[in-house]
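This briefing is meant to be read alongside the sequence and the coordinates.

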Amino acid sequence: MDVVEKTGKTVEDAVRAALAELGVSRDEVEVEVLESSKSSILGLFGGRDAKVRVTVKEAPAPEPEEAVEEPAEAPELPEEPAEPIAEKEPAEDREADLVATGAAAREFLEKIFGAMGMDLIIEKFINRREGEVVLKIHGEGIGVLIGKHGQTLDALQYLTNLAGNKGRKTWNRVILDAENYRERRRQTLERLAKNLADRVRRTHKKAMLEPMNPYERKIVHMSLQNDPAITTYSEGEEPYRKVVIDLK
């Protein structure tokens with residue numbers, strides 16, 4: 001039986017890392033949450049990462065085949081109903097769930113900012129293609145919410161995910177952005193990845209980036225995935241996992 005333990009900023013991130021290592025899908029495993037951060041205002045500025053134990057389910061043993069005597073004549077098939085039975089579209093439930101998650105997450109942020117005495121604007125967007133909620137924050141003094149390399153923003157995003165998904169059966173990812181920081185950070189990481197890839201080609205020595213969260217590591221991997229001479233992979237354990245750029 002394959003079992004791994006992983007940590008991450010969120011339970012979802014930890015489970016995703018475990019699935020990637022095991023090479024299986026979500027419905028093939030059982031997830032046990034070992035640790036989770038406390039949902040508190042003080043947690044904005046640092047908290048304990050989520051930790052999960054993921055176990056691959058055992059495949060059920062095949063049932064013995066029984067000999068079945070074929071009938072002399074094929075039985076008559078029942079007639080098809082004149083009209084198909086109407087079923088509720090799953091997309092409608094998914095849409096409503098995303099909207100509800102976004103509303104709860106926004107309300108949580110408004111309470112946090114009110115307690116901090118900050119007058120900020122929160123825009124809510126539903127990304128239907130990715131199945132996630134995006135909250136964009138605007139206003140003065142926004143830098144304190146971002147922190148070094150977005151660490152404070154990531155911590156606040158973690159708490160917002162907990163608040164938005166509280167009591168829900170389906171986990172909907174909530175992305176938090178402040179004055180377009182995520183996009184600017186993405187562009188910076190893509191430039192850095194390409195510059196390091198050029199250096200690796202010249203020197204034939206691999207390059208290792210600083211520890212990053214799963215979202216930022218994915219940006220680096222994606223930016224170099226079509227480079228015919230370069231490969232990327234991750235090393236280490238969360239929260240110190242790093243991307244390595246090397247020659248193929």
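A residue is called buried here when its relative accessible area is under 20%, exposed when that area is over 50%, and partly exposed in between. By that criterion R182 and D154 are both buried, although their side chains meet in a salt bridge with 2.9 Å from N to O. The model is a predicted one, and the points below are grouped by topic.

**The sheet β4-β5-β6**

- Three strands make up an open sheet of mixed pairing, in the order β4-β5-β6.
- Because β4 (121–127) and β6 (173–178) stand at the edges and have a single partner strand each, one side of each is left without a neighbour in the sheet.
- Direction ignored, neighbouring strands of this sheet are turned against each other by 20° on average.
- β4 and β5 run antiparallel and are joined by seven bridges, with N127 standing opposite E132 in β5.
- These two strands, β4 and β5, form a hairpin that has four residues between them, and G131 in the turn has a positive phi of about 70°.

- Helix α4 (residues 151–164) has 14 residues, and the distance from its first C-alpha to its last is 20 Å, close to the 20 Å expected at 1.5 Å a residue.
- The helix α4 lies across β5 and β6, and it runs at about 145° to β6.
- Q157, which is found in helix α4, is buried with a relative accessible area of 10%.
- Leaving out residues up to four places away in sequence, Q157 touches R173, V174, I175, L176 and R182.

**Salt bridges**

- A search of the whole structure finds 18 salt bridges, and three of these pairs are described here together with one network.
- K51 forms a salt bridge with E5, in which the closest N and O atoms are 3.6 Å apart; the pair links distant parts of the chain, with K51 in strand β3 (residues 50–56) and E5 in strand β1 (residues 3–8), 46 residues apart.
- K51 is partly exposed at a relative accessible area of 26%, and E5 is partly exposed as well, at 37%.
- A network of salt bridges links E5, E32, K51 and R53.
- R106 and E110 meet through their side chains in a salt bridge of 3.7 Å, N to O, and because these residues are four apart in helix α2 (residues 90–116), they are separated by about one helical turn.
- R106 is partly exposed with a relative accessible area of 31%, and E110 likewise counts as partly exposed, at 45% relative accessibility.

**Nonpolar cores**

- In soluble globular proteins, nonpolar side chains tend to be buried together.
- Here the largest nonpolar core has 25 residues, and those with the most contacts inside it are L109, F113, L135 and L145.
- Two or more residues of this core come from each of α2, β4, β5, α3 (143–146), α4 and β6, and α2 gives the most, with six residues.
- F113, leaving aside its neighbours within four places in sequence, is in contact with M118, L120, I122, I137, L145 and L156.
- A second, separate core has 14 residues, including A193, A197, I219 and V220.

How values were computed:
Residues numbered from 1 in each chain as written. Predicted model: local features only at pLDDT ≥ 70, side-chain atom pairs only at ≥ 80, totals over all residues. Heavy atoms only, no water. Expected span 1.5 Å × (residues − 1). Pairing = 2+ DSSP bridges. Axes fitted to C-alpha atoms, helices over the stretch in contact; angles between N-to-C directions. Contact = heavy atoms within 4.5 Å. Buried < 20%, exposed > 50% of the residue type's maximum accessible area, 1.4 Å probe, protein only. Salt bridge = Lys/Arg side-chain N within 4 Å of Asp/Glu carboxyl O. Core = buried A, V, L, I, M, F, W, Y, C linked by side-chain atoms within 4.5 Å.
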